[in-house]
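Please keep the sequence and the structure in view while reading.

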Amino acid sequence: MSLDVSRWTIDDVHRALRAGEASAAEICSAAFSRIAEENPKNNSFLAVTEERAMARAAEIDRRVASQEALAPLAGVPVAVKDVILTEGIRTTCASRILGNFVPPYSATAVQRIEAAGAIIVGKTNCDEFAMGSSNENSAFGPVRNPHDPERVPGGSSGGSAAAVAAGMAVVALGSDTGGSIRQPASFCGVVGVLPTYGRVSRYGLVAYASSLDHIGPFGRSVKDVATLLSVIAGRDPLDSTSAAVPVPDYVSTLGEPVKGFKIGVPREYFAEGLASDVRARVESGLKVLRDLGCEIVDITLPHTEYAIACYYIIATAEASSNLARYDGVRYGYRAAGVSSLSDMYRKTRDQGFGTEVKRRIMLGTYVLSAGYYEAYYRKAQKVRALVTRDFNKAFETVDAIVTPTAPTPAFRIGEKTADPLEMYLSDIYTITGNLAGIPGLSVPCGWVPVPDNGGASGGRKLPVGMQLLGRHFDEARLFRLAHQFEMAGGVQ
Amino acid sequence: MRITEKDVLYVAGLANLELAAEETARLVADMDSILGYVEKLNELDTTAVEAMAQVLYEAPETLTLREDSDRPGLPQEKSLGNAPESGAGQFKVAKVIER
């Protein structure tokens with residue numbers, strides 16, 4: 001019987017290494033066997049880095065043999081979203097325009113996890129340049145939800161969420177600009193974290209919307225995401241937006257009492273559009289928190305209904321600027337058969353970018369163009385301030401906020417591709433966190449029957465996520481709440 | 001309609017995108033629908049609100065600046081490693097200046 005590590009946590013890896021029950025090489029091989037079995041079903045990985053990983057595993061085994069203390073991620077198989085640069089490993093952003101790009105350096109987050117002993121098993125599929133909510137915008141085909149192959153895993157970090165859910169990696173890195181970690185975590189039944197803006201360096205994260213982009217962790221337990229965040233968090237001189245705010249030990253405080261915490265429940269997040277069985281699960285989740293001694297209070301975040309409109313102006317404006325760099329000159333795809341330099345730019349970008357990326361570049365260029373800047377971009381920045389003010393006001397009286405992560409469970413592949421606006425609305429509960437720059441976490445909160453209980457999906461159940469939002473740099477409290485929620489059995 | 005085909009083609013020019021005819025038609029419809037939706041923001045009176053350009057937290061102004069010191073950049077060979085076309089230590093593109 002070969003080793004099965006598909007449900008292992010970081011603690012399980014370390015226990016096995018310490019006890020000599022399994023070597024890092026054996027753990028790694030087990031992860032690759034799982035990838036070979038599962039990846040053809042769900043298309044989570046764009047690159048699998050077996051040779052490099054096995055060499056690193058051998059190095060970890062040498063350290064274990066010489067009785068060195070285990071680094072926090074020693075021997076842990078990690079998947080990395082393909083918008084995060086990995087030196088020498090092709091990084092495509094799931095785009096044709098970067099189809100052959102091999103980065104000359106690694107992102108700070110990647111350097112930090114590797115310095116902490118992590119073993120990168122591969123690069124995960126996602127929406128092109130992280131633009132999407134379903135992973136259907138990848139130039140290399142959609143990812144399928146491990147719980148139902150007819151459904152999306154969520155997006156844009158769908159491959160990272162699916163890789164962790166299907167046991168192909170212990171933890172993963174993703175990025176979240178409007179919900180791209182939390183929403184797929186919810187759809188795939190894993191834990192996903194949006195750290196505070198500035199908590200994690202974005203050096204080497206391919207930029208989509210710089211005032212909203214965050215790198216964050218996925219895991220199958222709250223303790224694992226807390227461990228991974230503690231490794232990647234903290235000031236980086238190479239990212240001037242990374243905050244010089246001390247990083248607490250997230251793991252050591254997981255067990256401290258949560259009794260007396262005041263939890264705000266914003267009525268705007270439980271209104272029209274929320275599926276009734278998702279609402280029921282999150283209400284059960286709130287009851288678990290109440291049983292742990294938290295006080296649940298109703299609050300209001302009155303500008304919530306403006307968040308999506310605000311986001312799709314700011315995000316597309318920033319995207320149009322950030323993606324101007326793909327011109328076929330210095331890296332990536334270049335169109336053939338061009339008549340001039342400007343013809344080369346236009347043809348390269350037309351052939352290199354997919355439909356959604358072009359749509360966002362066009363919207364962003366439009367809202368920034370002469371005569372429209374004040375009416376759209378400036379207006380959106382002001383509304384962003386109002387959304388943020390709502391949160392600041394709420395956090396004067398509550399310690400954390402609880403909401404559903406997404407209004408529905410995973411939807412069907414193709415269900416929302418015809419109408420971009422309908423797709424955007426699936427981010428309704430997560431987008432506010434990015435606008436305000438506050439930390440958020442999605443923790444599994446029970447299962448619901450597949451909505452259209454027929455066809456090949458008949459009898460299946462889909463996971464639901466509960467979102468916790470906190471004050472700036474207060475991730476530790478979210479981890480404590482979510483960990484104790486999990487230890488209390490969560491919601492079935 | 002807020003958005004016409006002429007608008008889309010003008011913006012595509014600004015964005016250096018060459019659009020196929022069917023892409024243009026689809027974008028007219030999509031952009032019109034999305035820009036119609038975002039007009040919702042005009043329900044709010046924001047005259048007294050300061051625009052939020054980025055996420056701020058309490059910190060001294062220069063805290064996020066790194067020390068101004070030398071550090072090696074990427075070597076030329078690595079910098080050119082991903083170039084579609086390069087030569088003589090340069091990125092090569094189609095001729096720009098006629099003579």
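## Where the chains meet

The contact takes 55 residues from chain A and 42 residues from chain B, where two residues count as in contact if their C-beta atoms, placed from the backbone, lie within 7 Å. On the side of chain B that touches chain A, α1 (5–14) and α2 (21–38) each supply at least two residues, and α2(B) gives the most, with seven residues. Helices here are DSSP runs (H or I, at least four residues), numbered from the N terminus.

This is a predicted model, in which local features need pLDDT of at least 70 and side-chain atom pairs count only at pLDDT 80 or more, while totals for chains, interfaces and linings use all residues. Residues are numbered from 1 along each chain as its sequence is written, and chains are lettered from A and ligands numbered from 1 in the order in which they are written.

## Two helices of chain A

The axes of α7 (residues 222–232) and α15 (residues 475–487) of chain A come within 9 Å and cross at roughly 160°; axes are lines fitted to C-alpha atoms, for helices over the stretch in contact, with angles running from 0 to 180 degrees between N-to-C directions. α7(A) and α15(A) are therefore roughly antiparallel to each other, a term used for angles over 145 degrees.

In their contact, A:Val222, A:Lys223, A:Ala226 and A:Leu229 of α7(A) meet residues of α15(A) including A:Phe479 and A:Ala482.

## A covered helix

In α9(A), 14 of its 16 residues are buried, meaning that 20 or more other C-beta atoms lie within 10 Å of a residue's own.

Conventions: Parallel < 35°, antiparallel > 145°, perpendicular 65-115°, else oblique. Buried ≥ 20, exposed ≤ 12 C-beta atoms within 10 Å, placed from the backbone.
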